[in-house]
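Here's a quick tour of a fold, from its charged pairs to its sheet and helices. Have the viewer open while you read.

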Amino acid sequence: MPTVDLDTELDLSLVLHALSDPQRRTIVAELAASEEPVPCGAIELEVGKSTRTHHFRVLREAGLIEQRRDGTRKLTSLRRAEIDAQFPGLLDAVLAPVPA
């Protein structure tokens, strides 16, 4: 999967694919709840390290997150402004609680 250039438009099919997985939605929800970048290891997922890495890669390649190194940590942030500008209401709909 190609890496998204942060200066170009997001591809809806890549974004929807990335958001189709419950583990990746958990990551996005955690990032959406934080105003500061979050270390990758701080988000609790019940998967192994290689699977965790895969989920972050899918989100990064879809353009939903950006990551930067801070010493030995990798900090992750949600590209909320860009996503909301291009797909208004999408994240709110995806992150909304499911009615029982």
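Which side chain meets that of Arg80 in a salt bridge at 2.5 Å, N to O? It's Asp92. Since Arg80 sits in helix α4 and Asp92 in helix α5, the pair ties together parts that are twelve residues apart in sequence. Keep in mind that this is a predicted model.

## The salt bridges

Arg80 has another partner too: it forms a salt bridge with Asp84, with the closest N and O atoms 2.9 Å apart. This one stays inside helix α4 (residues 80-86), where the two residues are four apart, about one turn of the helix. Put together, Arg80, Asp84 and Asp92 are linked in a network of salt bridges. Arg80 is partly exposed, at 26% relative accessible area, and Asp84 is partly exposed at 26%. Asp92 is partly exposed as well, at 48%.

The structure holds five salt bridges, and one of them joins the side chains of Glu82 and Arg79, at 3.8 Å from N to O.

Now for the strands. Three of them make an open sheet in the order β1-β3-β2, with antiparallel pairing. β1 (38-39) and β2 (65-70) stand at the edges with a single partner strand each, so one side of each has no neighbour in the sheet. β1 pairs with β3 (residues 73-78) over two bridges, in the antiparallel sense. Look for Pro39, which stands opposite Leu75 in β3.

Two helices go with this sheet. Helix α3 (residues 49-61) packs on it, touching β2 and β3, and its direction makes about 120° with that of β2. Helix α2 (residues 22-33) lies across β1, β2 and β3, running at about 85° to β3.

## Buried helix residues

Over in helix α1 (residues 12-19), Leu14, Val15, Ala18 and Leu19 are buried. They cover an arc of only 125° around the axis, which puts them on the same side of α1. What covers these buried residues includes α2, α3 and α5 (90-95).

Leaving out residues up to four places away in sequence, His55 touches Asp21, Gln23, Arg24 and Ile27.

Definitions and conventions
Residues are numbered from 1 along each chain as its sequence is written. This is a predicted model: local features need pLDDT of at least 70, side-chain atom pairs count only at pLDDT 80 or more; totals for chains, interfaces and linings use all residues. Side-chain values use heavy atoms; hydrogens and water are left out. Two strands pair if DSSP finds at least two bridges between them. Contact means heavy atoms within 4.5 Å. Axes are lines fitted to C-alpha atoms, for helices over the stretch in contact, and angles run from 0 to 180 degrees between N-to-C directions. Buried means under 20% relative accessible area, exposed over 50%, partly exposed in between (1.4 Å probe, protein chains only). The arc is that of the directions from the helix axis to the C-beta atoms. A salt bridge is a side-chain nitrogen of Lys or Arg within 4 Å of a carboxyl oxygen of Asp or Glu.
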